[in-house]
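Biologist: I should like to learn how to read a model of this kind, one feature at a time. Where shall we begin?

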Amino acid sequence: MHNKPRDEAAYSLRKRETQVLKYVVKRVLLMLMVTLIVVSMCFILVKLLPIKPAVQFGKDMQLIEMRREALGYNKPLIEQYFIFLQRSVIGGDWGVSETLYLGQDVWSKFMEKMPATMLVNFYTMIIAVPLGLMFGIYAALKKNKWQDHFISTSVIIFVSVPSYVYAFLVQYFLCFKLKWFPFQMEPGNDLLSWKTFVSLVPAIISLGFGIVAGLTRYTRAELTEVLTSEFLLLARTKGLTRSQTTVRHALRNSMVPIFPMILGEFIGIIGGSLIIEQIFGIPGVGPLYVSSITASPPDYNFFMLLSAFYTLVGLVSGIIIDLSYGFVDPRIRMGSKK
Amino acid sequence: MSENKFYQNIPKEKFVFVDDADRLHDKKLETKPVSYFRDVLQRFSRNRASVVASIIILILFLYAIFGPIIGRNNYTTSLTDTMYLNYGKLPPKNKYLAFLGMDGTSKVTLNDPDFQILRGIYEETGMNPVLEVYRAAYTDSTASKTSRFYDIKVDNYYRMGMIYLTFTPAQYADLQAWQDKTGIQVIYPAITDAKQVNANIWYKANPKGIPQLDKDGNFVPIYRTTTPTDTSYTSLRIPQDNDPEKPMAYARVTGTSTTRSYVARVSKYQYFNYRYGFEPSFPFGTTDRGQDIFTRLAAGARFSFMLAILVSSINLFIGAIYGAIEGYYGGAIDLTMERISDILAGIPFIVATTLFQLHMAKHVGVAGALFFAFILTGWIGMAARVRMQFYRFKRQEYVLAARTLGASDSRLMFKHIFPNSMGTIITGSILVIPGVIFSESSMTYLGIINLESSTMTSVGTMLANGKNFLSTYPFIIFFPSLFISLLMISFNLFGNGLRDAFNPSLRGVED
């Protein structure tokens, strides 16, 4: 059956497909398991805290006690845990806010805050990715010339400096000294307007520096590796010009690892823009999480949901990076044995 | 064939060396052997950027160690003294660094009453806060037409002017004795208008603080006078105080005859000199609460470094053992342990920090809880590196040889395989340090942990406290930002250089 080469190829392709599928299923299952364990851990640790409200003038303790009884806070921990699993993790009902937005549904508040976070990250990626690719390609093509040295040195500096330092610089010079942009994001519901975009520019710049620098470094490294490989030499010897080989062969091949990195970066940034959102007053998920922790007493329902969210974001971005490698480049096989 | 078996009967003389004439010798090496670490050091020192980076790290490190010791005489170390609260938001000033603009001056726009106060300070104390007037007495079309404005360069240290302080008789006497000894005027005459809140207005002024000048444009003093019998003040007197019949009063006396206290107008600048033994001059300025940024930042850096080094070494310890067991035994043990570390790696750092804060901060303190949060997941990267190295080396012939000779598992693991991963381990644990400092500063910046107290601070705390004064007093946030940026850049360069130096495959590839 396997004597014909075509059959052989089809067989190995099928085999590879099942391998990838198996790997994907394994990783996704592991991800769900990890999330469940982390959420359970958070739940139990939070419930172990003494969260009885203190007796205070003007507080009707009887009413508070009735409310706690009605919400099931007085049941045994194990029973509460199973109710939590059933209602929140499976049913998607994460309860109501206790301190921040008293009585409002946690999930709908979370969904209300999501667009702002997504918007900032989306704008940042749209601006940062082309810039990063451009600088990286330029540096790789000018390898070991002064342009490359300049870009590489700047990259080291820009990749190291924390994003909040950029935020201070941007706020001080662009917002305060030059008065080009407002200090904080424009309040209002009209997220897609030009005015909102302008008010988001400081946040985009502060977030973008690190991403542009990281992408430049990565693109340069990948492209220089491809540019020195043998098949490119072959392409040159068969008569293609330098620009033809670069565009048709080198760039395409170097995109293999760069693309998943961009994707993973996009998801990772959702979890990483916490500080920037806080500094520029963006009504996103980050400030919600921080204020749920710093509120007294902490808003545990928000904390549970957002902890699960951030855990999931981190895991998904990791999986996407790993998986995309396998999907895009047939030479890399995830989970393969030696 | 059979006689061959009697080889013990071959006489000894029949044996000869095969190559007696030219016996084979190992050629003695002409060059000195280069040990692995010497080679690493050589290749590292060839990388100029990394060497510069390591020098910067060394300087920052020395600053963190010796900064608080140099600043020991500084008043910020005093915990019970709340006087420093009066010296907040002073800009950087140092006589050796004045050429960098660290001369304690700033450019401001003042309205007329505020400008007159500065003039009054100059006239009374002889310390001129106004260094340069760029634009005098102009009207601003956006403001009221009657108010005039001044664009000036002001010395913020002299600008502090006067302050009302309450002394006990002993303190009052001590201050007078110091004045006599040094000849520096600290206490200035009291004024007649006891309702005047601003201690700087020693001249006739309306309730809004606008001075009522005499016909020559001079201030009209409203100093309080007393009788010659009053002996509570015997020290230096200002030049105008020359009438022996009507001497000026240098303090407002309050309280009863048994618990008497003196409310005196003192020069803030000279009072600092009296209290702390040196003229106020802060190379990095002071925070909003009056703490010296130079000392405070060094103390914060020291805390951050200490935390980072402690975390790094504990992570190294746990990670090395965990990774070694995983990598060496493999199979089911590896699988189980990998799953455990997968789960731990899935916990976002911010979640771990919060939970540790909520649960442990009461028992082990905020810093302790933060430390445990770092330990919880920090070792995973190290374990993964060690595990990888073990997989690479455990099937090598020399390990098999050692096993055949009867070496125990732990000996094989830590004597034979582990040294191979030294390079990656050292690089990894050094790069943990900036990571810890960065995470700590992010968490404190977000306000999830609060390390601020009179004895303790961290770089992130200083950033978080300074952000409110970003536009008004940018130096408060500038120095911590500069510190953390320099630290990150140099650690990254240093780490890159170290990684290349430890990579034997790059040997001889450079230059």
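Modeller: Let us begin with one pair of residues in this predicted model. Thr139(B) stands opposite Arg148(B), a residue of strand β3(B).

Biologist: How many bridges join β2(B) to β3(B), and in which direction do the two strands run?

Modeller: The general idea is that strands of a sheet pair through backbone hydrogen bonds, in a parallel or an antiparallel manner. Here, β2(B) and β3 (residues 148-155) of chain B are joined by 6 bridges and run antiparallel.

Biologist: What is the order of the strands in this sheet?

Modeller: The sheet is open and has 3 strands in the order β1-β3-β2 (chain B), with antiparallel pairing. At its edges stand β1 (105-111) and β2 (130-139) of chain B; each has a single partner strand, so one side of each is left without a neighbour in the sheet. On average, neighbouring strands of this sheet are turned by 15° against each other, direction ignored.

Biologist: Which helix lies across β1, β2 and β3 of chain B?

Modeller: That is helix α3 (residues 112-125) of chain B, which runs at about 125° to β1(B).

Biologist: Which residue just after α9(B) takes a positive phi?

Modeller: It is Gly406(B), with a phi of about 95°. Helix α9 (residues 397-404) of chain B is itself hardly covered, for the count of buried residues among its 8 residues is 0.

Biologist: How does one describe two helices that pack together?

Modeller: Two packed helices are described by the angle between their axes and the distance between the axes. Helix α12 (residues 459-466) of chain B packs with α13(B) at an angle of about 145°, and their axes are 8 Å apart. The crossing in which α12(B) passes α13(B) is left-handed.

Biologist: Which residues make the contact of α12(B) with α13(B)?

Modeller: From α12(B) come Val459(B), Met462(B), Leu463(B) and Gly466(B), while α13(B) gives Ile476(B), Ile477(B), Pro480(B), Ser481(B), Phe483(B) and Ile484(B). By class, the residues of this contact are 8 nonpolar, 2 polar and no charged.

Biologist: What lies in the loop between α12 and α13 of chain B?

Modeller: Tyr473(B) is found there. Tyr473(B) counts as buried because it has 21 C-beta neighbours inside 10 Å, and a residue needs 20 or more to be called buried.

Biologist: How many residues does each chain give to the contact between chain A and chain B?

Modeller: Chain B contributes 29 residues and chain A contributes 31 residues. On the side of chain B that touches chain A, two or more residues come from each of α7 (331-345), α8 (349-393), α11 (422-446) and α13 (475-502) of chain B. The largest share of that side, 8 residues, is given by α13(B). That side has 19 nonpolar, 9 polar and 1 charged residues.

Biologist: What is the secondary structure of chain A?

Modeller: Chain A comes to 12 helices and 0 strands. Of its 338 residues, 34% are buried. Among the contacts in chain A with a separation of 6 or more, 71% are between residues 24 or more positions apart.

Biologist: Where should the model be read with caution?

Modeller: Where pLDDT is low, the predicted coordinates should not be read in detail. In chain A, pLDDT stays under 50 over residues 333-338. The mean pLDDT of chain A is 82, with 89% of its residues at 70 or more. Chain B also averages 82, and 93% of its residues score at least 70. For the complex, the predictor gives an ipTM of 0.82 and a pTM of 0.83.

Terms used. Residues are numbered from 1 along each chain as its sequence is written. Chains are lettered from A and ligands numbered from 1 in the order in which they are written. This is a predicted model: local features need pLDDT of at least 70, side-chain atom pairs count only at pLDDT 80 or more; totals for chains, interfaces and linings use all residues. Two residues are in contact if their C-beta atoms, placed from the backbone, lie within 7 Å. Helices (H or I, at least four residues) and strands (E, at least two) are DSSP runs, numbered from the N terminus. Ala, Val, Leu, Ile, Met, Phe, Trp, Tyr, Cys and Pro count as nonpolar, Asp, Glu, Lys and Arg as charged, and the others, Gly among them, as polar. A residue is buried if 20 or more other C-beta atoms lie within 10 Å of its own, exposed if 12 or fewer, and partly exposed in between; C-beta atoms are placed from the backbone. Axes are lines fitted to C-alpha atoms, for helices over the stretch in contact, and angles run from 0 to 180 degrees between N-to-C directions. A crossing is left-handed if the near helix is turned anticlockwise from the far one by less than a right angle, and right-handed if clockwise. pLDDT is the predictor's confidence in each residue, from 0 to 100. Two strands pair if DSSP finds at least two bridges between them.
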